[in-house]
Amino acid sequence: MKIILINGPNLNLLGVREKTIYGNQSFDEYYVKLKERFPQIEFDYFQSNVEGEIVNKLHEVGFSAEGIIINAGAYTHTSVAIRDAISGINSTVVEVHISNILTRESFRHESLIGPVCKGSIMGFGLDSYRLAVESFLV
């Protein structure tokens, strides 16, 4: 099974930015542990702060990967383009958020991409990614 992890803007700063919300661990550190936990899965990882690059990546992998896990960051609440890209591909997509977006500022309460994903996982820290991986295994 091949699963692509796509992270959006500012997630390259995990472990550095707003540690009370996002924790002390970098995504790179977590990614190593995730791959060790699921050796039977072929992972690929992509991060961009640029909306169009995320759309391009979805188009590139969205017809061959068995699964895509996306944390679109702030684009979750603003990007019709990412929503349309998810709608236009064949791969199953799971939305992930490290924090519980429903307990944060009101502008974060609506996800534009959630309705076109298989499901959404939020609020479990970086472990939200593990839970998303497990959703592909059941």
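Which residue's side chain meets that of Arg-37 in a salt bridge? Before I answer, a word on the basis. This is a predicted model, in which local features need pLDDT of at least 70 and side-chain atom pairs count only at pLDDT 80 or more, while totals for chains, interfaces and linings use all residues. Residues are numbered from 1 along each chain as its sequence is written, and side-chain values use heavy atoms, with hydrogens and water left out.

The partner of Arg-37 is Glu-134, at 3.9 Å from N to O. A salt bridge here is a side-chain nitrogen of Lys or Arg within 4 Å of a carboxyl oxygen of Asp or Glu. Glu-134 belongs to helix H5 (residues 127–137) and Arg-37 to helix H2 (residues 27–37), so the pair ties together parts that are 97 residues apart in sequence. Helices (H or I, at least four residues) and strands (E, at least two) are DSSP runs, numbered from the N terminus.

Glu-134 also forms a salt bridge with Arg-130, with the closest N and O atoms 2.9 Å apart. Both residues lie in helix H5, 4 residues apart, about one turn of the helix. Through shared partners, salt bridges join Arg-37, Asp-127, Arg-130 and Glu-134 into one network. Arg-130 is buried at 14% relative accessible area, whereas Glu-134 is partly exposed at 27%; buried means under 20%, exposed over 50%, and partly exposed in between (1.4 Å probe, protein chains only).
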